[in-house]
Amino acid sequence: MNEPRESPLFTWKRIWLILILLAGLWVLVSARAALGPLVAAFILAYLLNPIVEILERRGVPRTAAVALLLLGVGVLIALLWASLAPIVEKQIVAFARRVPAYARVVEGWLETTLARFEIVPPEEIRKYITENLVLLGRLPLQALSAGGKVLLQTTKGLFSLIVGIAYLALIPVMTFYILRDMNRITEAFYRFIHPDYREEVQLRLHRLDEVMGSFIKGQLIVGLLLSSLYILGFYMADMPLWLVLGIFTGLVSIFPYVEWIVALPVALALAALQHQDWLHPLAVLAVFGVISPAGGMFIVPRVLGGRVGLHPVVIIASIIIGAELLGFLGILLAVPMAAVIKVGLEAVHDYYIA
């Protein structure tokens, strides 16, 4: 009786499949700069899809639901831009004009400290600060002016500006089509999975959606709520750049304890430079001491509940590793990759341990 022959490891079919995958990967890497709008559109579609499904369940056709939702988002963004952009611009310009005064304050502090320890002659300190730190006050305005001139006066800059505007305009268009055909895209993806593994892949991707989706959507809500609270707190503490710093602090609060590591030193330094007393830095400490614990004890549990399953230490470690490997892009991808690894470890546990 003849024994069945084992199929060879490398067949022409598999070789062609590997070559096609490598070619596709090469195209993606080569065109990565142009993939920004597509990636942004997929992220927006992923975040907005639950709202579209709610509207569908209430009898609204999917195409109409997507159009109404995107229209509402566009109107909201336009209103926020019209109301916040002038305030942000005013604060940045005012801050840029105050930087020379801040430099003189720093000069006084350094002179006093270094003269006490007799490390550097005061004349050298004054010369260094005059030649270097005062220039910081002109940098924001000079950068905006120079950037605008480059964009408008050079062909390459003008072309880049046009391409950038076109990319931004493509995002809502692609988001509309992705949201409208989200179910078809999902079905088409699963058709490329072998039937023997399709059910398992669906199970793992559903679990990944639970972990990553709960974190991203929940933390965005937490970030917006905390941004509002920090804006109010910094305004009451008479902080310079209170709007910009409040939005920044609330958004970095998406990641546990990062606001204490990044935003708190900046806020304390600005309060000390602006008012040159102890009262306002103490007010900044009070703002952080009240809002951050309140967010951790009340806002985060109510918004996220126990659905995420990513420990704060895991999140912080993943952010540090991502920043070390890929810089800012690594910071953005750190939590999704941690969620993917978590789901993969769960699969390994189910196969080999449970």
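Close-up 1. At 16% relative accessibility, R204 counts as buried (buried is under 20% relative accessible area, exposed over 50%, partly exposed in between, with a 1.4 Å probe and protein chains only). Because E200 and R204 are four residues apart in helix α8 (residues 195–236), about one helical turn separates them. Helices here are DSSP runs (H or I, at least four residues; strands are E, at least two), numbered from the N terminus.

This is a predicted model, in which local features need pLDDT of at least 70 and side-chain atom pairs count only at pLDDT 80 or more, while totals for chains, interfaces and linings use all residues. Residues are numbered from 1 along each chain as its sequence is written, and side-chain values use heavy atoms, leaving out hydrogens and water.

Close-up 2. The structure holds four salt bridges. D181 meets R180 at 3.2 Å, N to O; D181 is buried at 16%, whereas R180 is partly exposed at 32%. R62 pairs with E56, and their closest N and O atoms lie 2.8 Å apart. Here R62 is buried, with a relative accessible area of 10%, and E56 is partly exposed at 32%.

Close-up 3. Look for S253 in the loop between α9 (242–252) and α10 (258–275). S253 counts as buried, at 8% relative accessibility. Leaving aside neighbours within four places in sequence, S253 is in contact (heavy atoms within 4.5 Å) with L226, Y230 and E259.

**Close-up 4. The bend in α10.** This helix bends by about 35° at L264, and a proline, P265, follows within four residues; the bend is the angle between axes fitted to the seven residues ending there and the seven starting there. Among the buried residues of α10 are V258, E259, L264 and L273. After α10 comes Q276, with a positive phi near 55°.

**Close-up 5. A nonpolar surface patch that includes W12.** W12 sits in helix α1 (residues 12–30) and is exposed, with a relative accessible area of 65%. Together with I15, W16, I18, L19, I20 and L22, W12 forms a nonpolar patch of about 780 Å² accessible area. Patch members have over 30% relative accessible area and no salt bridge; like charges are joined within 9 Å, nonpolar side chains (Val, Leu, Ile, Met, Phe, Trp, Tyr) within 5 Å. Accessible areas come from the Shrake-Rupley method with a 1.4 Å probe, and for residues only the protein chains shown count as cover.

Methods: Salt bridge = Lys/Arg side-chain N within 4 Å of Asp/Glu carboxyl O.
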